[in-house]
Amino acid sequence: MRAEFKNEVFVDFKDERNNAEFEAALKKVEAELGKEYPLIIGGEKITTDRKAASINPANKTQTIGIVSQADIPLAEKAIQVAAATFETWKRTDPGERARYLYRAAAILRRRKHEFSALMTLEAGKTRVEADVETAEAIDFLEFYGREMQRLSLPQPLTVSQEEENELYYIPLGVGVVIPPWNFPLAIMAGMTTAALVTGNTVVLKPASTTPVIAAKFMALLEEVGLPAGVVNFLPGPGGQVGDYLVDHPLTRFISFTGSRDVGLRINERAAKTHPGQKWIKRVIAEMGGKDAIVVDNEADLDLAADMITTSAFGFSGQKCSACSRAIIHEAVYDSVLEKVVERASKLIMSNPAEAGANLGPVIDEKAYAKILEYIEIGKQEGRLVLGGGTGDSNGYFIEPAIFADVESTARISQEEIFGPVVAFTKAKSFDEALEFANSTDYGLTGAVISRNGAHLEQARREFHVGNLYFNRKCTGALVGTHPFGGFNMSGTDSKAGGRDYLLLFTQAKLVSDRF
């Protein structure tokens with residue numbers, strides 16, 4: 001067993017030496033832009049006639065890579081190869097499976113800036129946001145490796161004098177992994193490696209807007225010697241290839257992170273059995289949020305403003321955990337609003353490759369149009385006190401938008417926008433603030449800023465979210481420290497990065513041997 005798990009340390013970009021190293025990594029990544037990336041099925045690299053370009057959201061004229069797209073016959077091939085590979089991979093020693101993760105973590109650690117720089121270009125992440133994500137990917141690899149080794153040890157059972165009993169966690173089979181574009185390295189790597197380290201084989205369908213970072217991770221898995229066919233790389237259109245993979249009778253589980261609508265569609269399709277299917281498919285889903293920070297009348301108002309600003313506008317609000325609602329006690333409402341406006345007005349929106357950027361673009365034209373539409377809706381539902389405009393037309397830049405005096409029932413208070421938009425709502429009491437916080441269909445993250453211990457205990461009981469934070473931001477969950485997953489329409493509360501997570505990719509088998 002390896003040493004006790006510790007979270008990867010973030011890079012300090014106040015140190016100019018680190019900025020210089022990041023600049024060098026950017027140049028290295030830029031030298032590879034425009035390359036073509038094939039499908040990978042059973043180790044075979046397959047180039048198709050149909051291709052899709054990955055575009056830099058900060059510079060729409062810059063192509064990150066050209067990625068081959070799968071069709072139905074290739075999806076069938078990927079499933080069949082994964083099913084055949086499962087017959088040997090499931091028997092691989094858990095310690096060996098864990099060691100592939102440790103080797104991948106070591107390489108990722110050495111090439112941290114390179115992977116972060118690619119995310120800056122492909123996903124529009126600032127260097128700070130990208131570095132934090134690469135660190136999280138390393139954490140997932142290290143943590144899940146240790147967890148698999150822990151689960152492979154003899155499990156505690158009540159002793160019987162007449163027989164020997166053992167409980168094993170065995171793999172499920174072929175899994176379809178569908179990761180999101182907003183954490184194209186960390187969540188993609190975490191979902192994929194959790195499935196493979198537990199002995200399953202994977203068909204990985206990367207997000208259509210960020211497939212190159214997934215292709216680079218596939219190359220890393222090949223570099224560490226992961227056997228061919230354990231992970232199969234299958235980019236392609238979700239409505240065609242994705243549906244086929246979800247429906248396939250050999251698919252044992254689907255691990256999905258993304259929108260509510262797509263998640264519900266996957267859950268519905270997975271519930272239907274098909275000829276030749278011997279199991280109920282398992283769906284592991286994380287589907288977003290409409291997260292709130294509640295500020296009590298007894299609170300550190302500067303802390304509250306800092307946490308709202310950071311949580312709402314980090315990565316342009318494109319996090320499922322982002323603060324999109326600020327619910328403020330009426331006694332401090334005006335003061336907190338003023339402080340957040342002051343802080344947000346100082347944020348620098350520019351190309352995320354620049355060292356001074358605080359926020360970059362939104363991911364693509366579809367998101368850009370949707371967010372601008374919600375800003376127009378917000379102008380009818382509240383008072384726009386900051387931002388709402390656009391930036392450099394070479395990219396998908398949208399200014400941080402703050403709306404004041406928004407009702408808790410308004411669309412911008414209820415619907416997931418996934419952009420740099422936050423709605424301020426005034427509450428007459430702490431009870432009403434919690435009522436407003438719980439009034440959406442979601443239940444992912446939330447935060448309470450308060451010095452009142454009784455109110456914090458009340459929130460502990462009544463604020464219905466999977467991840468609740470007191471006197472800190474509602475983003476930034478750490479692997480091992482903040483197991484992550486939400487309630488209601490936020491998903492299946494899978495608790496990624498926690499000690500329960502790998503159990504979702506296994507089934508428990510009890511063997512009893514009577515003497």
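**Close-ups of a predicted model**

**View 1. Arg2 and Glu142 pair up in a salt bridge, with their closest N and O atoms 3.4 Å apart.** A salt bridge here is a side-chain nitrogen of Lys or Arg within 4 Å of a carboxyl oxygen of Asp or Glu. Arg2 sits in the segment before H1 and Glu142 in helix H5, so this pair ties together parts that are 140 residues apart in sequence. (Helices are DSSP runs of H or I, at least four residues, numbered from the N terminus.) Arg2 is partly exposed at 38% relative accessible area, while Glu142 counts as buried at 6%. Buried means under 20%, exposed over 50%, and partly exposed in between, using a 1.4 Å probe and protein chains only.

A quick note on the model: it is predicted, so local features need pLDDT of at least 70 and side-chain atom pairs count only at pLDDT 80 or more, while totals for chains, interfaces and linings use all residues. Residues are numbered from 1 along each chain as its sequence is written, and side-chain values use heavy atoms, leaving out hydrogens and water.

**View 2. Asp302 and Lys339 meet through their side chains in a salt bridge, 2.9 Å from N to O.** Asp302 belongs to helix H10 (residues 301–313) and Lys339 to helix H11 (residues 333–345), so the pair ties together parts 37 residues apart in sequence. Asp302 is partly exposed, with a relative accessible area of 38%. Elsewhere, salt bridges that share partners join Arg2, Glu8, Arg109, Lys112, Glu142 and Arg146 into one network. Search the whole structure and you get 33 salt bridges.

**View 3. Glu87 and Lys90 form another salt bridge, their closest N and O atoms 3.1 Å apart.** Glu87 counts as partly exposed at 37% relative accessibility. Lys90 is also partly exposed, at 30%.

**View 4. Helices H1 (residues 16–30) and H4 (residues 112–123) cross at roughly 65°, with their axes coming within 8 Å.** That makes H1 roughly perpendicular to H4, a label used for angles of 65 to 115 degrees. The axes are lines fitted to C-alpha atoms over the stretch in contact, and angles run from 0 to 180 degrees between N-to-C directions.

**View 5. Gln380 and Ala410 are 30 residues apart in sequence and 9.7 Å apart in space, C-alpha to C-alpha.** Gln380 lies in helix H12 (residues 365–381). Gln380 is exposed, with a relative accessible area of 71%.

Technical notes: Helices (H or I, at least four residues) and strands (E, at least two) are DSSP runs, numbered from the N terminus. Angles under 35 degrees count as roughly parallel, over 145 as roughly antiparallel, 65 to 115 as roughly perpendicular and the rest as oblique.
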